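Hi everyone, and thanks for coming. I'd like to walk you through one structure today, step by step, so please have the sequence and the picture ready.

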Amino acid sequence: MHRAFPSFRTDLALDAMYSIRKLHALVVGQNKDTDVLCGQLLASAVPVSPADCRSCSDPCDVGHEQYPSRFDVDMDTQMLGSVKPYHRQIIISTGKSDWERDITDNKQSLASHMSEVISHSHPHSHSHNHSHSTPSHGSKPASPPANAKGVRPAAGIFRTSDSTKTSVLNGSHRTLCDEDDQETVLVFPDYKVVTDVHRSLDGAQHLWDSAVDPSVGRDGAFLEKSPLKTWVLPYACVILLCSHKKRDNRCGIAAPKLEHAFIQSLEHQGWDADTQLECPSITMGSALEELEMTPEEREECINTQLRGSTEAKRALILKTSHIGGHKYAGNCIIYTPSGSGVWYGRVTPHDVESIVVNTIIKGLVLPPLLRGGLNLSRPNCKSLNDW
């Protein structure tokens, strides 16, 4: 399909604008601390890459899509530490790429029902839409204490056990269910897909009890008479792009351009890039609930399937509702079968190839783009893809 690219003169103007911003960031001290940032991440056992985030020349000479000239992004504020800890994040099927300003405003939606269930079941674990936003005005990200060598670990790097909060997002994937009133939900960092979730208060309660409640382990509760079906996701990574235009127009602009760039780069690397969820029974077989085995055997089966997903050269790319920090658009979250979640900000199509090569394929974090992340600390591992 033919796409019209901006004129070369416009490309130069936009690249010059971003170059000026980067120079300003250097002057105010943002970029000169990159080595210190790498040291902090390494002190936290986060596998990092020293590679340049931008894979093309400046100005761009390979035809990457550009953001509009008025696409204003905060290049001054420190991004690392702008993601608040959470225990789980769920992505609900809607088949859309934009939603009400607050996804719970639609009282008939599963997001609204989940909000009610979480508020009653675990009052302090609720966080829909924007709880991971940047720190409030006047506050700074909390800084962990220095280690024995005097190196201060990076803020914004947390574990699943550091919080009981649940993040609820809408996603662009269509439901896999035959019934119109049932949704398909992705659960992270568990890296699972749950189908047959009824769009009702009862359906939300079933999902909470089976897969979302912080007291439930990664292998799930598998309650008797539960209508839900669960599979491990058959992808080597899941890429989430904030596209919530009604919250901030920049996200609505950035997401489709980043999606196109990710598809091109992944396919160039010989990967498949899907923008809709494949029925998991095709590649993963029977649902976990249908397997007659002991809890120990089920846990081993799940781990085996997760390791298998790591080896697949397949990525799922979805657009999501507001994740917070739209001033850092484009915002991107990358989840891996090993349970890591990498939050990147200020991502442009120029950065995508480096993200694909270094983070998705090699399992290494690019510090200049990092906002924070879940389970990024991997002691004794060389990459996020190791076990």
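Let's begin with a pair of strands: E5 and E6 run antiparallel, and 5 bridges join them. If you look along that pairing, you'll find Val185 opposite Val194 in E6. Before we go on, please keep in mind that this is a predicted model.

The turn of this hairpin deserves a look. Between E5 and E6 there are 3 residues, and Tyr191 in this hairpin takes a positive phi near 65°. The loop between E5 and E6 also holds Pro189, and the peptide bond that joins Phe188 and Pro189 is cis, with omega about 5°. Why point these out? Most residues other than glycine have a negative phi, and most peptide bonds are trans.

Strand E7, residues 229–232, runs antiparallel to E6, and 4 bridges join the two.

Next, let's move to strand E4, which covers residues 166–171. Here 6 of the 6 residues are buried. In a regular strand the side chains alternate between the two faces of the sheet.

Which strand pairs with E4 over 6 bridges? That is E1, residues 88–93, and the sense is parallel. As an example to find on your screen, Gln89 has Ser167 in E4 as its bridge partner.

On to charges. Side chains of opposite charge can pair when their charged atoms come close. A search of the whole structure finds 12 salt bridges, and I'll show you a few.

One of them is between Asp190 and Arg88, where the closest N and O atoms are 2.8 Å apart. This pair links distant parts of the chain: Asp190 sits in the loop between E5 and E6, Arg88 is in E1, and 102 residues separate them. Are these two buried or exposed? Both Asp190 and Arg88 are buried.

Another salt bridge joins Arg54 and Asp58, with the closest N and O atoms 3.9 Å apart. Arg54 has a relative accessible area of 10%, so it counts as buried. Asp58 is at 38% relative accessibility and therefore counts as partly exposed. Asp58 also takes part in a cis peptide bond: the one from Asp58 to Pro59, with omega near 10°. Pro59 lies in the loop between helix H2 and E1. In that loop we also find Ala45, which has a positive phi of about 65° although it is not a glycine.

One more pair is Asp162 with Arg159, whose closest N and O atoms are 3.1 Å apart. Asp162 is partly exposed at 38% relative accessibility, and Arg159 is exposed at 52%. Elsewhere, salt bridges that share partners join Asp274, Glu278 and Arg314 into one network.

Let's turn to helices. How do H3, residues 110–121, and H4, residues 201–212, pack? Their axes are 8 Å apart, at an angle of about 60°, and the two helices are therefore oblique to each other. The crossing is right-handed. Among the residues making the contact are Leu110, Met114 and Val117 of H3, along with Leu201, Ala204 and Trp208 of H4.

Finally, here are two residues in other helices. Ser265 is in helix H5, residues 249–268, and at 10% relative accessibility it counts as buried. Which residues does Ser265 contact, leaving aside its neighbours within four places in sequence? They are Val352, Glu353 and Val356.

Glu296 belongs to helix H7, residues 295–311, and at 57% relative accessibility it counts as exposed. Glu296 and Asp219 are 77 residues apart in sequence, while their C-alpha atoms are 9.5 Å apart in space.

Key: Residues are numbered from 1 along each chain as its sequence is written. This is a predicted model: local features need pLDDT of at least 70, side-chain atom pairs count only at pLDDT 80 or more; totals for chains, interfaces and linings use all residues. Side-chain values use heavy atoms; hydrogens and water are left out. Buried means under 20% relative accessible area, exposed over 50%, partly exposed in between (1.4 Å probe, protein chains only). Two strands pair if DSSP finds at least two bridges between them. A salt bridge is a side-chain nitrogen of Lys or Arg within 4 Å of a carboxyl oxygen of Asp or Glu. Axes are lines fitted to C-alpha atoms, for helices over the stretch in contact, and angles run from 0 to 180 degrees between N-to-C directions. Angles under 35 degrees count as roughly parallel, over 145 as roughly antiparallel, 65 to 115 as roughly perpendicular and the rest as oblique. A crossing is left-handed if the near helix is turned anticlockwise from the far one by less than a right angle, and right-handed if clockwise. Contact means heavy atoms within 4.5 Å.
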